[in-house]
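Here is a briefing on a protein structure. Keep the sequence and the 3D view open while you read.

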Amino acid sequence: MNLASKRVFQWAMLAPVTLLLICVTVFPFIYTVTNSFTDYYYLASDAKQFIGFSNYVKIIQDEQFRQAVWNTLKFMFLAVSIETALGLGIAVLIESMRRGQKVLRITMLAPSLLPPVTVALIWQMMLSNHNGIVNHLLHWFGVGPFNFLMDINIAFNAILFIDIWQWTPFAFLLLYAGLQSVPRSQFEAAKVDGAGKLRIFFHITLPNIMPTLFMVILLRTIDTFRLFDKVNILTGGGPANSTTTITQYIYKQGVYNLQIGYGAAASVIMVMLVLVFSVFYIKRSMGGTA
Amino acid sequence: MRKKMSYMLSLLLTTAVLFTGCQSQGQASGQGSSQGTDKLVIAARGGSHVDAMNAVKESFEKEHNVKVDIIGLEAADLKQKISLDAKNSKGAYDLIMADDPWMPQFSEAGIFAKLSDLGIQEDSDFEESSLALGKSPYAIGDLYALPFSGNVQLFFYNKELLERHNHEVPTNWTDVLETAKAIKAEDGSAGYVIRGQQGNPIVSDFLPLFWAYGGQIFDDNWKAQINSEAGHKALDTYVGLLAVGENYENTDIVGSVSEGRAAMALGWPSWFIKGETASADYTAIPSKAASDAESVSTGMIGNWMMGVTANSQNPELAAEFLTFITSSDTQKQMVEHGGVPTRKSVYQDTELAAKYKHFPVMLEALQNSVARPRTAKWSQVEEALGAELSAAIAGTKTVEQALTDANKAMDDIMQ
């Protein structure tokens, strides 16, 4: 096969997947960016007009959007840190156990197997003021009842707690798999040299699972940015916008109010933010330097 | 040979990708479509509405030799699906239900077919305030939808709790606040429960107070009037009620008032009333700010409307079903299955009124009800107002600041 026909052959093989990618990724992205510069209202799409950066200016000036960005970043930082730390702690603990590893592995994973909508609905019932099991339990200890989802001092933390409950097992699973791949000989050598548990953890375990750790952080960072179901079902963004997230803002504007142009602009801003926060991890996980 | 096979395979895959794309688009547009005259598809608000329709549709199906498919959806989902389907030349739905505040948006967008074109005329048996919601422009224009479910907010209270502390059922908001304060002080129970979740809940809960204080959300030129004397007084009262009460979502509102942990709350009838039994006592929402104030309409109307889609593939048959499902006879049957009537004759039916004690109160509330502003931008307005009201009750903004910001946000939206 000569070089030219080899190249044709390669392109022919790549054509289907390239076309598929263009259809499902490139086209929607370009379409979204294009719409973000218009006043596209879905029910009057014929009247769509180019309005330049007006949507972007309006979004940045919107107090609710700024609050949504702050909430999302705060949520991302707290959720990713706590879930990763807890996941790592549990993974190390279970990995060090001599018995019951299998049972714990399976039971630990249950929350992350549930769809977010189901999780939100379950917790909505559990956190109910009068009928919820959480307040009943607290009552036994002589505290409460707490208005978990409507108290401005609690609502954000309640959603954070639910997310941690659901996604710590996911972090655990990846990190546990990472721990399994650490060569046993390194641990044995360290033990022979008289290294303590902490030293072994920081000098052998952690460096070995660093790529997995970055992967967990990357995946959870991207995912926490997309927080929607729990907020929409449990608090509707309130009280006083304290739980509003960027995705919920986009949903309200773009999907519920059908302001496609405005919603598209908010989506573009969100993608930019995700990229800013993900690029470091992506570079690290791809083997480059940040 | 191998090279040719590779090219053929590649071509085949490319064609398959293209074909799949085209096919899925075609399927999406025709999904659930009535395809001929043997099937009608209705996009409905899920729950009791669907149960009620399913219970009575059989006679229509037999008479017209047609299958009626009713798709029950959550409110937000329903609105989204209806809007998306409106762009298809051949609609997936023949009939759609719409919450009454959506009517201006849907009517302006041409989602509904004009009912007079399908042979449906105004019917004076429908309660006037309900029928007005289906017209565009509101109350005076052409008819685009008929009232299917006559929801209207009521004032619920725990009779035993009030009587235990020798309180009458309050008839104005000053008395509501005083009674709530007294019950909180005497009993420790919540005097009043607000429904303060951000968005539609808090707006629906607050507006009856605002109207009682003589407030109007917009003036004739669509300038926001929420930052007004009425707005301040109403929000002060609302915050005052929370101070001697609680802020719950609807399940806890029903539970607390029904079981006597709270004295009073506003709510939709279906929350408290199931068939012949009610878990709490009820009356029309207080219509005055104070005993010496002018009486005004305060009961928020929240009817579910039903209309034929402009892109229905069976508009005539759909119109016949609409006539059937909103007829007096059918409404009487649907009452047994959780239906809420919109016809005066059904409310005034002596047999039904004897069985369903809430009918006279409901009819009175409907006749004195208030519709939310008839603007296509209502959902945006509601969202902005809801956020500011939520800030006021959470204490992150003063009443003054919240109303100022709400007014500005509403004016920006209406520009």
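Start with Thr245(A), which sits in the loop between α10 (229-234) and α11 (246-256) of chain A. Helices (H or I, at least four residues) and strands (E, at least two) are DSSP runs, numbered from the N terminus. This is a predicted model: local features need pLDDT of at least 70, side-chain atom pairs count only at pLDDT 80 or more, and totals for chains, interfaces and linings use all residues. Residues are numbered from 1 along each chain as its sequence is written, chains are lettered from A and ligands numbered from 1 in the order in which they are written, and side-chain values use heavy atoms, with hydrogens and water left out.

- Is Thr245(A) buried or exposed? It counts as buried, because its relative accessibility is 4%.
- Buried means under 20% relative accessible area, exposed over 50%, and partly exposed in between (1.4 Å probe, protein chains only).
- Thr245(A) touches Ala68(A), Thr72(A), Leu227(A) and Val231(A), leaving out residues up to four places away in sequence.
- Contact means heavy atoms within 4.5 Å.

- Nine names to find: Ile22(A), Val26(A), Phe27(A), Phe29(A), Ile30(A), Tyr31(A), Val271(A), Met272(A) and Leu275(A) make a nonpolar surface patch of about 840 Å².
- Patches are made of residues with over 30% relative accessible area and no salt bridge; like charges are joined within 9 Å, and nonpolar side chains (Val, Leu, Ile, Met, Phe, Trp, Tyr) within 5 Å.
- Areas come from the Shrake-Rupley method with a 1.4 Å probe; for residues, only the protein chains shown count as cover.
- α1 (3-35) and α12 (260-285) of chain A each supply at least two of the patch residues.
- Which helix gives the most? α1(A) does, with six residues.
- Val26(A) lies in that helix, α1 of chain A. It counts as partly exposed because its relative accessibility is 39%.

**Pockets and cavities**

- The second largest pocket holds about 1,300 Å³ of space. It is lined by 43 residues, and the closest to its centre are Lys58(A), Gln380(B), Ala409(B), Asp412(B) and Ile413(B).
- Several helices supply at least two lining residues each, including α2 (54-61) of chain A and α18 (399-414) of chain B.
- α17(B) gives the most to this lining, with seven residues.
- On a 1 Å grid over the protein atoms alone, a cavity is a set of points where a 1.4 Å probe fits but cannot get out; a pocket is an open set with protein on both sides within 12 Å along at least five of seven lines. Lining residues have an atom within 4 Å of a point.
- Grid points are joined across faces, edges and corners, and a volume is the space filled by probe spheres set on the points.
- There are two cavities of 30 Å³ or more. The largest cavity has a volume of about 40 Å³.
- Residues of both chains line the largest cavity, among them Leu149(A), Met150(A), Gly196(B) and Asn247(B).

**Chain B as a whole**

- Chain B has 18 helices and 16 strands.
- Its C-alpha trace spans about 90 × 55 × 40 Å along the principal axes.
- Of the 415 residues in chain B, 57% are buried.
- Its accessible surface is about 17,200 Å², and 49% of that belongs to carbon and sulfur atoms.
- His232(B) lies in helix α9 (residues 229-243) of chain B. Its contacts beyond four places in sequence are Asn227(B), Val399(B), Glu400(B) and Leu403(B).

**Salt bridges**

- Side chains of opposite charge can pair when their charged atoms come close.
- A salt bridge is a side-chain nitrogen of Lys or Arg within 4 Å of a carboxyl oxygen of Asp or Glu. The count over all chains is 30.
- Asp123(B) pairs with Arg343(B), with the closest N and O atoms 2.9 Å apart. Asp123(B) lies in the loop between α4 and α5 (128-133) and Arg343(B) in the loop between α13 (328-335) and α14 (344-347) of chain B, so the pair ties together parts 220 residues apart in sequence.
- Asp123(B) is partly exposed at 24% relative accessibility, whereas Arg343(B) is buried at 8%.
- Arg261(B) forms a salt bridge with Glu259(B), at 2.4 Å between the closest N and O atoms.
- Glu83(A), Asp163(A), Arg220(A), Asp223(A), Arg226(A) and Lys230(A) are linked in a salt-bridge network.
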